[in-house]
Amino acid sequence: MTAKRNSSPIRTHRGWAMKDLVLLVVLGVVFGFAYWALVQGWNGLSILMGPAGDLSQHILFGGWLLVSPIAVAIIRRPFAGVIAEILAAVIEVVFLGSPVGPTLLIAAAIQGAGSELPFALTRYRRFGWGVFALAGLLGAGLVFFYSAFRSGWYGQDIFFLRLAMQALSGIVLGGLLAKLIVDALARTGVVDNFAIGRELGQR
C-alpha cells in the first residue's frame with residue numbers, strides 16, 4: 001500500500017513555506033548530531049577491524065546519506081536534499097568539531113546532489129524503493145570519487161573493493177533505510193502537514 005502511495009505524482013505548489021524551511025533546519029540539526037555519533041561508531045569499528053580498519057568507513061558510509069532522501073521525500077522541493085546535507089555538515093563542523101573540517105561541506109554538497117538526483121529526474125513524483133535505492137547508490141558513488149582524490153585511493157589494488165563496499169552501503173543505509181524511516185514517519189502522522197502528508201491524504 002505504501003509503495004502504491006509513493007509512486008503517485010505530487011501536487012504542484014507555490015514556493016517554500018516557512019514550515020518547510022523549519023523542518024529542513026530541524027532535519028539538518030538532528031542528522032548533524034546523528035552523523036557525529038556515526039563517526040564515533042566508525043572509530044570503534046575501525047579499531048575492531050584491525051588492519052582492515054580503513055575499510056570501515058565504506059561499510060558505514062550510507063549512514064551519512066540519510067538526511068537527503070528523507071528531506072526530499074517529506075518536503076518534495078528542489079534542492080531540499082542538498083541543503084539538508086549541507087546543514088548537517090555545518091552542525092558537524094561548526095558545533096561538533098568534526099576533524100574533517102570545512103571540506104566536509106564540499107562532500108556534503110556532492111553526496112546531497114547525488115542522493116537528490118533520482119528524485120529530481122522523476123520531477124519529485126516517484127518515491128518507491130527503486131528510486132530510494134538509486135538515490136543511495138548515486139549519493140555514495142559520486143562522493144566516492146571526490147574522497148578517492150583527497151585520500152589517495154586512485155591506483156590502490158583495493159580501489160574497486162572500496163567503491164563496491166561504499167556503493168552497497170549507500171544503497172542499503174542511504175537508500176532503503178531512508179525509505180523505511182520515511183514510511184515510518186508517515187504512519188505516525190507527524191508529517192501530515194507537509195507535501196508527503198497532503199499527497200497521502202488525497203488517496
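Guide: Let's start with one term: a helix here is a DSSP run of H or I with at least four residues, a strand is a DSSP run of E with at least two, and the numbering starts from the N terminus. This is a predicted model, in which local features need pLDDT of at least 70, side-chain atom pairs count only at pLDDT 80 or more, and totals for chains, interfaces and linings use all residues. Residues are numbered from 1 along each chain as its sequence is written, and side-chain values use heavy atoms, leaving out hydrogens and water.

Visitor: OK, how many helices and strands does the protein have?

Guide: The count comes to nine helices and zero strands, so read from the N terminus the order of elements is α-α-α-α-α-α-α-α-α.

Visitor: And what box do the C-alpha atoms fill?

Guide: Taken along the principal axes, that box is roughly 55 × 35 × 25 Å. Of the 203 residues in the protein, 47% count as buried, where buried means under 20% relative accessible area, exposed means over 50%, and partly exposed is in between (1.4 Å probe, protein chains only).

Visitor: What about α4, is that helix buried or exposed?

Guide: Nine of the nine residues of α4 are buried, so the helix is largely enclosed by the rest of the structure. Among them are Val67, Pro69, Ala71 and Ile75. Just after α4 comes arginine 76, whose phi is positive at about 60 degrees.

Visitor: Pick one residue in there. What does isoleucine 74 touch?

Guide: Isoleucine 74, which belongs to α4 (residues 67–75), counts as buried because its relative accessible area is 2%. Not counting residues up to four places away in sequence, isoleucine 74 is in contact (heavy atoms within 4.5 Å) with Leu23, Leu185, Val191, Phe194, Ala195 and Ile196.

Visitor: How far is isoleucine 74 from serine 56 in space?

Guide: Their C-alpha atoms are 30 Å apart, although 18 residues separate the two in sequence.

Visitor: Switching topic: how far does α8 reach?

Guide: Helix α8, covering residues 159–188, has 30 residues and reaches 42 Å from its first C-alpha to its last, close to the 44 Å expected at 1.5 Å a residue. That expected span is 1.5 Å times one less than the number of residues.

Visitor: Where does α8 bend?

Guide: The bend is at glycine 170 and comes to about 30 degrees, the angle being taken between axes fitted to the seven residues ending at a residue and the seven starting there. After α8 comes glycine 189, with a positive phi near 90 degrees.

Visitor: What does α7 look like by the same kind of check?

Guide: The 23 residues of α7 (residues 129–151) should span 33 Å at 1.5 Å a residue, and the end C-alpha atoms are 32 Å apart, which agrees. There is also a kink of about 25 degrees in α7, centred on phenylalanine 144, and glycine 152, just after the helix, takes a positive phi of about 75 degrees.

Visitor: Which residues does valine 131 contact?

Guide: Valine 131 sits in α7 and counts as buried, since its relative accessibility is 15%. Leaving aside neighbours within four places in sequence, valine 131 is in contact with Pro118, Phe119 and Arg126. Its C-alpha atom is separated by 14 Å from that of leucine 66, which is 65 residues away along the chain.

Visitor: And glutamine 111, buried or exposed?

Guide: Glutamine 111 is buried, because its relative accessibility is 7%. Glutamine 111 lies in α6 (residues 103–121) and, with neighbours within four places in sequence left aside, contacts Phe61, Trp64, Leu65, Glu85, Gly139 and Val143.

Visitor: Last one: where is glycine 53?

Guide: Glycine 53 is in the loop between α2 (18–48) and α3 (56–60), and at 3% relative accessibility glycine 53 counts as buried. Asparagine 43 is ten residues from glycine 53 in sequence, and the two C-alpha atoms are 8.6 Å apart in space.
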